[in-house]
Amino acid sequence: MFGSIDPALLLAALMVNSVPIMLAATGELVTEKAGVLNLGVEGMMIMGAMCGFATAVVTGSPLLGFLGGALGALALSLVFGVLTQLLLTNQVATGLALTLFGLGLSSLIGQGYVGIKPPATGKLDLGPLAEIPFLGRALFAHDWMVYVSILLVAGVWWMLTHSRAGLILRAVGESHEAAHALGYKVTRIRFLAILFGGAMAGLGGAYISLVRVPQWTDGITAGAGWIALAIVVFASWRPWRVLAGAYLFGGVTVLQLNLQAAGSAIPVQYLSMAPYLITILVLVIMSSGRGKAALNAPACLGQNFHASR
Amino acid sequence: MKRRNLLATAALGLGLALGGGAFAQGMDKVKACFVYVGPIGDGGWTFQHHQGALAVQEAYGDKVEIAWQENVPEGADAERVLTQMALSGCNIIFTTSFGYMDATNAVAAKFPDIKFEHATGYKREHPNVSTYNARFYEGRAVQGHIAGKMTKSNKIGYIASFPIPEVIMGINSYYLHAKKANPNVELSVVWAFTWFDPAKEADAAKALIDQGVDVIASHTDSTAPLAEAAKTNGAVIGFGQASDMAEYKDGPRVSSIIDNWAPYYVKRVGQLMDGTYEQIDAWEGIAGGEVEIGEITDKVPAEVKAEAEAMRDAIAAGTYHPFTGPINKQDGSPWLAEGETAPDGDLLGMSFYVEGIVGDIPK
């Protein structure tokens, strides 16, 4: 059935493919855990892709490029933060506007960068690990950003479940009134969560323009931000499931393209549909209410908070 | 008061737009509008259409006003955009992607005095709808020849967008000529189901490269497949698609197909001005200057380059047709007899692979 597909190469492609959506989804997860729904992920990602690309080209350093990407997207999320947290605008509408704004702004800044090649992001030399047959080629021959992204997921998981900061963040997301009554600065905490989400989306975007498609083109993220949003729900707001979800979504894309290249007879449409069908299924199970999964959605998600007392 | 003025102006605009054609025997000033499926900065398909639009502006100066909208999704949304353009006073509207076909015809029915020009389509349901296309398969023949000669693994790849005649005839032409140049050649086709998604196009190229393919042609709009091929340090070559993509000249790009829409756009807007405009179904190729073969780089051996250029010139001179029989369909049934060339009708409705291509066309 799988013809001449090399599983090691497939696994390797999958890991690379999933990095942008994994990073963006992890950031959005933290934002949503704090009770803020930011639908502007796509806009922040493309700003990250643009700023990361520009920084890398100007400085010649991919590391600074990723940093620049994170900062660019962070700046955009700052706009979202000011609007929703200080001016109490509707989060859904502001998020959507943020996406449109990001797409336009990146296109404007990017005019001068079409057709330029960025400096190459180096592969991490893992020495003997890369020599292991199969596993070496599949898991240990990537650029350093692949490993950083997994470490970031681990870090977020640890922070949310094992640290005091994570407890406070979740409290703010579950009941901002109670958190406020306990003396936590709801607005400030949400602001930080929004900025973190922006920086992560920026890293994801920069990965697209610096590593996966090393070039700048208008609209380069092509909807990856929306997939990241779907993954957060799919993962029912748990970091490790975000990792699994990103691998599933990324993996299916890679698999169906490889199946085609290998001349398999499986209709591609079914595979392309699969992750979305699973997302819908997860949503149905969650909204049926009884399951434990439903409890995972932050109770104050999308609600604005104003300290009136 | 302000608001009433606004409405009055809008109504006036509407009246002008609707009434404009009544005395349309020649026009002093034309507003030409363009609908793009991707961003102008895609470096490929949309970029070339925009070059054509700019050429119109250049040719007629302030006698013409151009307007355009990028990133218009194919389908229902296109109808809204087209209606808006029609209401805003456009005299001629170019819709530059296959998927706008039904929307173009639907809106054209409502605005009989505005001219609609649909690229790569075949529906002309109303007298004010013309279609135009370019014989890209002629360029594919030249690419196929180069691919067949250049491949070392005997595996060549093709990144396809959607299963429409336009794309299928390109695949067939590419394959036939690769096979003629190298009888051992095998073709892998990957359907991306998108015109523009750089990440996915790069993934498709990677999937092909992982399968041992070393020459990649693409029928999607961005330069991403070339960027992916560039990562192999010269092991894999590819072609510029729609635009020259010259920035990859010192890398994987060995030649290209360039869509040159400028002559057609300039001609049609000019006809609208001098009153000679008529509904047409235009389909020009290398001979008409709409399809250009970008410079073949030094990576290609001199004799292959000469053969490719000879083929290009023969097509331009009309002495060679890329679909000349005998050609069988994929299932072995005969399509063209010895010496017979493909009628345009067959090409425009092409929904089959030629003999030798493995795999099915997705429905």
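I number residues from 1 along each chain as its sequence is written, and letter chains from A and number ligands from 1 in the order in which they are written. Because the model is predicted, local features need pLDDT of at least 70 and side-chain atom pairs count only at pLDDT 80 or more, while totals for chains, interfaces and linings use all residues.

**Entry 1: chain B against chain A.** I looked up the contacts, meaning residues whose C-beta atoms, placed from the backbone, lie within 7 Å. I found 32 residues of chain B in contact with 32 residues of chain A. On the chain B side, strand E7 (186-191), helix H7 (198-210) and helix H8 (224-230) each supply at least two residues. Helices (H or I, at least four residues) and strands (E, at least two) are DSSP runs, numbered from the N terminus. H7(B) gives the largest share, ten residues. By class, I noted 14 nonpolar, ten polar and eight charged residues on that side. Nonpolar covers Ala, Val, Leu, Ile, Met, Phe, Trp, Tyr, Cys and Pro; charged covers Asp, Glu, Lys and Arg; the others, Gly among them, are polar.

**Entry 2: domains of chain B.** The assignment, automatic or from a database, gives domain 1 (17-134 + 261-284) and domain 2 (136-251 + 292-348). Their C-alpha centres lie 29 Å apart. I found 15 residues of domain 1 of chain B in contact with 14 residues of domain 2 of chain B. Helix H2 (residues 45-60) of chain B gives the most to the domain 1 side, four residues.

**Entry 3: a sheet in chain B.** I traced six strands in an open sheet, in the order E2-E1-E3-E4-E5-E11, with parallel pairing. Strands pair if DSSP finds at least two bridges between them. Strand E2 (64-69) and strand E11 (281-284) of chain B are the edges, each pairing on one side only. Strand E5 (residues 129-134) of chain B pairs with E11(B) over four bridges. Which residue of E11(B) is the bridge partner of B:Thr131? I found B:Asp281.

**Entry 4: two helices of chain A.** Helix H10 (residues 224-234) and helix H11 (residues 239-261) of chain A have axes that come within 9 Å and cross at roughly 130°. Axes are lines fitted to C-alpha atoms, for helices over the stretch in contact, with angles from 0 to 180 degrees between N-to-C directions. H10(A) and H11(A) are therefore oblique to each other; oblique is what remains after under 35 degrees (roughly parallel), over 145 (roughly antiparallel) and 65 to 115 (roughly perpendicular). A:Ile227 and A:Phe234 are among the H10(A) residues that meet H11(A). The contact residues divide into seven nonpolar, one polar and no charged.

Definitions and conventions. Contact = placed C-beta atoms within 7 Å.
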